[in-house]
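Please take a moment to look at the chain as a whole before turning to its parts.

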Amino acid sequence: MKKNTFLTAVFIFASNLIIHAQVNTTIINQKTFGGSNIDFSATGVICQNGDYVVAGSSLSTISGDKIDTTRGLQDFWILRYNSSMTALWQKTFGGTNGDILYSIIETSDGGFLCGGSSDSPISGDKTISNVGLTDFWLIKLDANGNIIWQKTYGGSDVDVLKSIVELNDG
């Protein structure tokens, strides 16, 4: 009997937290974009100057809003918009296999660091081969989306990078 009372009390407490945590939100701006195949956003960032960068992965060739063709099965796809939702640039990066972007941050130098997973060999935009089945793939971009450098890290099995932070020393 005590166990049921405790669970009921926990449920009521948790329900109250959920109910009181709901906040009315207002949509300030929205934009739909994509090509003729499967495209998804995984992350985004509001830049220091107020621009928006949306990043994810794409299986689309040139179609719809996608202005660059695929490199392989699935590629990193990054789009930058200003506060009026006007496209400034978009970039597609990938090799011949599957490349999935999970995280992007604006770095202190105004560029971007993109991270995800890749099982592509050296091909397309990928200049470093995998060590294992799927490895971390990091790409450093300048403010205009041009590649500055890229790195691949991993072991002999599946390694997936989901989140990036910039340390105080850059």
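Two strands are said to pair if DSSP finds at least two bridges between them, and the strands themselves (E, at least two residues), like the helices (H or I, at least four residues), are DSSP runs that are numbered from the N terminus. With this in mind, one can see that Lys140 stands opposite Trp149 in E8, where E7 and E8 pair in the antiparallel sense over 6 bridges. The model shown here is a predicted one, in which local features need pLDDT of at least 70 and side-chain atom pairs count only at pLDDT 80 or more, while totals for chains, interfaces and linings use all residues. Residues are numbered from 1 along each chain as its sequence is written, and side-chain values use heavy atoms, with hydrogens and water left out.

The protein chain contains 1 helix and 8 strands, and from the N terminus on its elements follow the order α-β-β-β-β-β-β-β-β. Four of these strands form an open sheet in the order E5-E6-E7-E8, with antiparallel pairing. At the edges of this sheet stand E5 and strand E8 (147–153), each with a single partner strand, so one side of each is left without a neighbour in the sheet. From one strand to the next the twist averages 20°, where axes are lines fitted to C-alpha atoms, for helices over the stretch in contact, and angles run from 0 to 180 degrees between N-to-C directions. Strands of a sheet, in general, pair through backbone hydrogen bonds, either parallel or antiparallel.

Another pairing joins E3 and E4, which run in the antiparallel sense over 6 bridges, and here Phe76 stands opposite Phe93 in E4. The hairpin of E3 and E4 has 5 residues between the strands, and in it Met85 takes a positive phi near 65°.

How many aromatic pairs does the structure hold? There are 2 aromatic pairs, and rings of Phe, Tyr and Trp (its six-membered ring) count as a pair if their centres lie within 6.5 Å, with planes under 30 degrees apart called stacked, over 60 edge-to-face and the rest tilted. The rings of Phe76 and Trp137 have centres 4.8 Å apart and planes at 45°, so this pair is tilted. Because Phe76 lies in strand E3 (residues 75–81) and Trp137 in strand E7 (residues 135–141), the pair ties together parts that are 61 residues apart in sequence. Both Phe76 and Trp137 are buried, a word that means under 20% relative accessible area, whereas exposed means over 50% and partly exposed in between (1.4 Å probe, protein chains only). The rings of Trp89 and Phe112, with centres 6.2 Å apart and planes at 70°, form a pair that is edge-to-face. Since Trp89 belongs to strand E4 (residues 87–93) and Phe112 to strand E6 (residues 112–118), this pair ties together parts that are 23 residues apart in sequence, and both Trp89 and Phe112 are buried.

Rings may also have a charge over them, which is counted if NZ of Lys or CZ of Arg is within 6 Å of the ring centre and within 35 degrees of the ring normal. The charged end of Lys126 sits over the ring of Trp137, 5.8 Å from its centre, and Lys66 lies over the face of Trp77, at 5.7 Å from the ring centre.

A nonpolar core is a set of buried Ala, Val, Leu, Ile, Met, Phe, Trp, Tyr and Cys residues joined through side-chain atoms within 4.5 Å. The largest such core has 15 residues, and those with the most contacts inside it are Ile78, Phe112 and Cys114. Two or more residues of this core come from each of strand E2 (52–58), E3, E4, strand E5 (99–106), E6 and E7, and E7 gives the largest share, 3 residues. Another core, of 5 residues, lies apart from it and has Ile105, Leu113, Leu138 and Leu161 among its members.

Two single residues complete the walk. Thr134, in the loop between E6 and E7, is buried, with a relative accessible area of 15%. Not counting residues up to four places away in sequence, Thr134 touches Ser117, Ser118, Asp119, Asp157, Val158 and Asp159, where contact means heavy atoms within 4.5 Å. Ala87, by contrast, is found in strand E4 and counts as exposed at 52% relative accessibility. Leaving aside neighbours within four places in sequence, Ala87 is in contact with Arg80 and Tyr81.
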